[in-house]
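Here is a brief report on one protein chain.

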Amino acid sequence: MQLQKEEIEQLEKKYRLNLINSISGIKPANLIGTKSFNHQENVAIFSSVVHLGSNPAQLGFIMRPQTEVPKDTYPNILETGFYTINHVSQSFIKKAHYTSAKLEKGVSEFERMRIEQEYIADFFAPFVKESVVKIGMKHQESIPLPNGCIFVIGSVEMLVIPDHVVNGLGQVDLEGCSGVGISGLNSYYGINKLDSFPYVREDEIPDFE
């Protein structure tokens with residue numbers, strides 16, 4: 001397959017959507033948990049969480065364009081300033097996937113999909129209890145993108161990770177966490193560690209043949 005821009009634009013809508021959503025490869029699967037000041041809880045799946053920096057520790061994710069009737073995640077973040085990022089594990093990928101459904105406002109995905117929430121150390125937003133890696137976030141900035149999406153930047157306020165999945169270098173064993181990735185909109189893949197390499201210095205680059 002070789003397609004020029006004009007040919008891509010002429011593809012059947014659903015085919016084009018699936019194709020373009022898949023070409024970026026495997027993306028992390030995370031559930032973002034929020035709560036309003038009225039204590040209405042919400043959780044939704046996202047595949048766009050990215051590392052921004054380690055000092056200060058910051059993560060970002062992409063929020064779809066907010067329509068006239070926005071979903072609960074972004075309004076809750078703006079209202080309270082807090083949210084959680086929770087790794088999706090193989091044991092609950094089906095429940096996690098269905099949080100993408102467009103439910104009526106005020107209906108909690110935690111309840112509808114029977115995902116158990118957890119509150120830790122007075123952090124305002126709910127965590128996903130079954131997640132192995134849980135991250136408490138504070139909203140820092142929202143940047144509008146050219147396509148109408150919003151890049152949400154937050155600071156890492158709390159980390160909850162079992163000791164046995166973090167090695168002596170501080171690296172998280174995603175395979176040991178039974179973590180999953182997403183391709184496109186609805187295909188899930190397991191994570192298997194293939195290798196590990198040292199930090200690259202120019203004088204240590206091997207001779208490749």
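## A bridge and its strands

In this predicted model, K27 has I182 as its bridge partner in β11. That contact belongs to the pairing of β1 with β11, which covers residues 180-183. The two strands run antiparallel, and 2 bridges join them.

## The sheet around it

β1 and β11 are part of an open sheet of 3 strands. The order is β1-β11-β12, and the pairing is antiparallel. β1 (27-28) and β12 (187-190) stand at the edges. Each has a single partner strand, so one side of each is left without a neighbour in the sheet.

In general, the strands of a sheet pair through backbone hydrogen bonds, in parallel or antiparallel fashion.

## The whole chain

The protein chain holds 12 strands and 5 helices. Its C-alpha atoms fill a box of roughly 60 × 50 × 30 Å along the principal axes. The radius of gyration is 19 Å. A compact globule of 209 residues would have a value near 17 Å, so the two agree.

Consider contacts between residues at least 6 apart in sequence: 60% of them join residues at least 24 apart.

## Surface and charge

How much of the protein chain is buried? Of its 209 residues, 35% count as buried.

The protein chain carries 19 positive and 26 negative charges. Their mean positions lie 10 Å apart.

Technical notes:
Residues are numbered from 1 along each chain as its sequence is written. This is a predicted model: local features need pLDDT of at least 70, side-chain atom pairs count only at pLDDT 80 or more; totals for chains, interfaces and linings use all residues. Side-chain values use heavy atoms; hydrogens and water are left out. Two strands pair if DSSP finds at least two bridges between them. Helices (H or I, at least four residues) and strands (E, at least two) are DSSP runs, numbered from the N terminus. The radius of gyration is taken over C-alpha atoms; the globule rule is 2.2 Å times the number of residues to the power 0.38. Buried means under 20% relative accessible area, exposed over 50%, partly exposed in between (1.4 Å probe, protein chains only). Contact means heavy atoms within 4.5 Å. Lys and Arg count as positive and Asp and Glu as negative; His and the chain ends are not counted. The place of a charge is taken as NZ of Lys, CZ of Arg, CG of Asp or CD of Glu.
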